[in-house]
Amino acid sequence: MSLVWATRGRHWGFRFVYSGGFADPLLEYDKVFDGVGSDDEVFARFGERAALRFPDPLGRTDRAGRVIPHEFVLDATIASGVSEAREAVWPMVADFYARIWDAEAPPALQ
């Protein structure tokens, strides 16, 4: 499954962490997140892909105290809603995020 992931850390701003194998993950991101609104939790299908957004499951915040959102572009067949999609995706990225969240600089695009 290709997975585009955008988030922020405690010390670094919102950026792509996983490219999903796309040369420009922003193009794929814009296709699915355009028009989904600003709700804290989102799961919206767009053809074969879906937009998934949820707040950090451990309540981690950035240095300004804002809860960190995690936004993904993923295969639309993974789930039928936010909870199911979060349960499928978060275990795939949780350990990596735990290592990078408090870093001073963002990680290299994966």
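Student: What share of the contacts in the chain with a separation of 6 or more comes from residues 24 or more positions apart?

Tutor: Keep in mind that this is a predicted model. In it, 55% of those contacts are between residues 24 or more positions apart.

Student: OK, and how many helices and strands does the chain have?

Tutor: There are two helices and five strands. Going along the sequence, you'd read them as β-β-α-β-β-β-α.

Student: What about the radius of gyration, what would a compact globule with 110 residues have?

Tutor: A compact globule of that length would be near 13 Å, and the chain has 13 Å, so the two agree. If you'd rather picture a box, the C-alpha atoms fill one of roughly 35 × 30 × 25 Å along the principal axes.

Student: How much of the chain is buried?

Tutor: Buried residues make up 44% of the 110.

Student: Switching to rings now. How many aromatic pairs are there?

Tutor: The count is ten. One of them is tryptophan 5 with phenylalanine 72, a stacked pair with 5.7 Å centre to centre and 15 degrees between the planes.

Student: Which residues do ring pairs link into a cluster?

Tutor: The cluster has Trp5, Tyr18, Phe54, Phe72, Trp90, Phe96 and Tyr97 in it.

Student: New topic: where is glycine 59?

Tutor: Look in the loop between strand 4 (49–55) and strand 5 (69–75). Glycine 59 has a relative accessible area of 40%.

Student: What separates the C-alpha atoms of glycine 59 and aspartate 34?

Tutor: Those atoms are 26 Å apart, while the two residues are 25 residues apart along the chain.

Student: Last one, how many positive and negative charges does the chain have?

Tutor: It's 12 positive and 17 negative, and the mean positions of the two sets are 4 Å apart.

Note on methods:
Residues are numbered from 1 along each chain as its sequence is written. This is a predicted model: local features need pLDDT of at least 70, side-chain atom pairs count only at pLDDT 80 or more; totals for chains, interfaces and linings use all residues. Side-chain values use heavy atoms; hydrogens and water are left out. Helices (H or I, at least four residues) and strands (E, at least two) are DSSP runs, numbered from the N terminus. The radius of gyration is taken over C-alpha atoms; the globule rule is 2.2 Å times the number of residues to the power 0.38. Buried means under 20% relative accessible area, exposed over 50%, partly exposed in between (1.4 Å probe, protein chains only). Contact means heavy atoms within 4.5 Å. Lys and Arg count as positive and Asp and Glu as negative; His and the chain ends are not counted. The place of a charge is taken as NZ of Lys, CZ of Arg, CG of Asp or CD of Glu. Rings of Phe, Tyr and Trp (its six-membered ring) pair if their centres lie within 6.5 Å; planes under 30 degrees apart count as stacked, over 60 as edge-to-face and the rest as tilted.
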